[in-house]
Amino acid sequence: MNGKNIVLIGGNSGIGKELAEALKAKGANLFLYSKSGEGTTALDTTEDFSDIPGLPEVIDGLVYAPGTINLKPFHRISISEFQQELDINFLGAVRVLQACMKSLKKSESASVVLFSTVAVQTGMGFHASIAAAKGAIEGLTRSLAAEWAPNNIRVNAIAPSLTDTPLASALLSSDDKREASNKRHPIGRFGTPADIAKAAEYLLSDDASWMTGQILHLDGGMSNLK
């Protein structure tokens with residue numbers, strides 16, 4: 001990763017922060033953005049834009065990490081809530097990808113990492129809005145991987161299960177909840193930011209130079225094991 005230009009959207013908390021620290025330690029040149037702008041450049045991906053301030057001329061890696069957790073029965077999810085989840089999880093990624101496309105194409109070997117969820121492959125109650133938004137991400141991942149392969153741009157996504165981040169704090173707010181979450185996963189525990197960040201780091205690296213169009217199910221066995 002030494003000397004590579006990596007753009008990380010959502011780099012000030014959770015998985016994004018963990019990944020940023022790991023990439024910095026390996027000598028990457030980081031360009032960090034978040035909605036709050038805390039320790040990063042401010043960027044609200046739910047607003048329309050064509051340019052992103054401060055981007056490098058050449059982008060070797062792009063990570064879009066913003067996400068949501070809005071678990072409700074389907075009949076209680078308003079159209080505006082569906083739209084909000086799409087704006088943050090999917091359309092925000094689209095805006096960023098379009099703004100970064102020219103710089104990605106200038107790299108000799110660029111990598112894009114997006115984020116899905118285990119709930120896309122594994123039907124889960126009360127996950128309708130997030131599963132729909134992240135399902136769009138999976139379709140986008142495969143389509144862009146095909147379209148951008150001639151430009152030597154790889155596009156992959158990670159589909160985690162529950163991970164111990166600020167976004168998931170309400171789901172892990174007590175010992176009982178944490179123990180129940182551990183038991184739901186065949187491997188016996190929920191995820192950590194480091195688990196997911198290491199996978200993202202791999203996808204950004206030259207070690208993954210033959211991987212594109214893939215959804216990496218990093219979920220403690222949740223999607224395939226019983």
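In this predicted model, helices H2 and H4 cross with right-handed geometry. Their axes lie 8 Å apart, and the packing angle is about 20 degrees. That angle makes H2 roughly parallel to H4, because angles under 35 degrees count as roughly parallel.

The H2 side of this contact includes Phe82, Leu86, Phe90, Val94, Leu97, Met101 and Leu104. Glu85, Asn89, Ala93 and Lys105 of H2 also take part. They meet a set of H4 residues, among them Ile130, Ile137, Leu140, Leu144 and Trp148. Ala128, Ser129, Ala133, Lys134 and Ala136 belong to the H4 side too. By class, the contact of H2 with H4 holds 16 nonpolar, two polar and three charged residues.

The crossing of H1 and H6 is right-handed. H1 contributes Gly14, Ile15, Glu18, Leu19, Ala22 and Leu23. From H6 come Pro193, Ala194, Ile196, Ala197, Ala200, Glu201 and Leu204. This contact of H1 with H6 divides into 10 nonpolar, one polar and two charged residues.

The two pairs compare as follows.

| Helix pair | Axis separation | Angle |
|---|---|---|
| H2 and H4 | 8 Å apart | about 20 degrees |

Next, the largest pocket. Its volume is about 1,100 Å³. The lining counts 46 residues. Which of them lie nearest the centre of the largest pocket? They are Gly67, Thr68, Ile69, Thr165 and Leu167.

Helix H5 gives the largest share, four residues. The lining of the largest pocket comprises 22 nonpolar, 19 polar and five charged residues.

Methods
Residues numbered from 1 in each chain as written. Predicted model: local features only at pLDDT ≥ 70, side-chain atom pairs only at ≥ 80, totals over all residues. Heavy atoms only, no water. 1 Å grid on protein atoms, 1.4 Å probe; cavity = no way out; pocket = protein on both sides within 12 Å on 5 of 7 lines; lining within 4 Å. Points joined across faces, edges and corners; volume = space filled by probe spheres on them. Helix = DSSP H or I, 4+ residues; strand = E, 2+ residues; numbered from the N terminus. Nonpolar A, V, L, I, M, F, W, Y, C, P; charged D, E, K, R; others polar. Axes fitted to C-alpha atoms, helices over the stretch in contact; angles between N-to-C directions. Parallel < 35°, antiparallel > 145°, perpendicular 65-115°, else oblique. Left-handed = near helix turned anticlockwise from the far one by under 90°. Contact = heavy atoms within 4.5 Å.
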